[in-house]
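Let's take a friendly tour of one protein model together. Have a look at the sequence and the fold, and then read on.

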Amino acid sequence: DLKPLNRLSALLLAAGFLFLPSGVQAADISMLKYFDALSMPIRVVLNNDLMDDCLPQPQSLKDVYEKEMRHLGFRIAQEGESGATFSVATLGGATYNKVGLRTGCLAMLSVQFDIYAPVVAPDGTTPMMMVQAYHASGLIDSGENSLQIDLEDGARPNVNTFYLVVLGAKD
């Protein structure tokens, strides 16, 4: 079962709104009603396009997202198993000051959830097609901190926000 949100998770969720300032964006959230969180596995995919060694351990970021999703009751797909896709994409690189000294890393983080859902085609049929049911994104400036740590710390609020959207779509 999907777990209910406790007070600590609610506080972390509030932090998530600060972490992803642009919030949930235009995606067809109504399609989430076709997602059966108890039986449909989720494949977590990381698309890392960060340069300048800003994310030295990309597999660790993917592992953190999988752990947070499991913690809330989502089923993570095994190798080779199909299902819905939760994509985590990063893009960016190092930042420098006026004299050319590295000051940190700047990244665009985007999370997206794609599922198979019935879509009305022009001929009136309703084939099952992959649709974007959720999308959120934001900028992260690590400054003096490690971008790796900032991105991993942001995984819990990002997954909690997604979780609440999924629960809301079931109502």
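By class, four nonpolar, two polar and six charged residues line the largest pocket. This is a predicted model, in which local features need pLDDT of at least 70, side-chain atom pairs count only at pLDDT 80 or more, and totals for chains, interfaces and linings use all residues. Residues are numbered from 1 along each chain as its sequence is written, and side-chain values use heavy atoms, with hydrogens and water left out.

Among the lining residues are I42, R43, K62 and E66.

Now visit the loop between β1 and α2, where you will find D52 and D53. Neighbours in the table below, they can be compared by backbone angle and accessibility.

| Residue | Phi | Relative accessibility | Class |
|---|---|---|---|
| D52 | about 65° | 35% | partly exposed |
| D53 | about 60° | 60% | exposed |

D52 has a positive phi although it is not a glycine, and so is the case for D53. Is D53 buried or exposed? D53 counts as exposed because its relative accessibility is 60% (buried means under 20% relative accessible area, exposed over 50%, partly exposed in between, with a 1.4 Å probe and protein chains only).

Finally, L106 lies in strand β3 (residues 102-118). L106 counts as partly exposed, because its relative accessibility is 35%.

Conventions:
On a 1 Å grid over the protein atoms alone, a cavity is a set of points where a 1.4 Å probe fits but cannot get out, and a pocket is an open set with protein on both sides within 12 Å along at least five of seven lines; lining residues have an atom within 4 Å of a point. Ala, Val, Leu, Ile, Met, Phe, Trp, Tyr, Cys and Pro count as nonpolar, Asp, Glu, Lys and Arg as charged, and the others, Gly among them, as polar. Helices (H or I, at least four residues) and strands (E, at least two) are DSSP runs, numbered from the N terminus.
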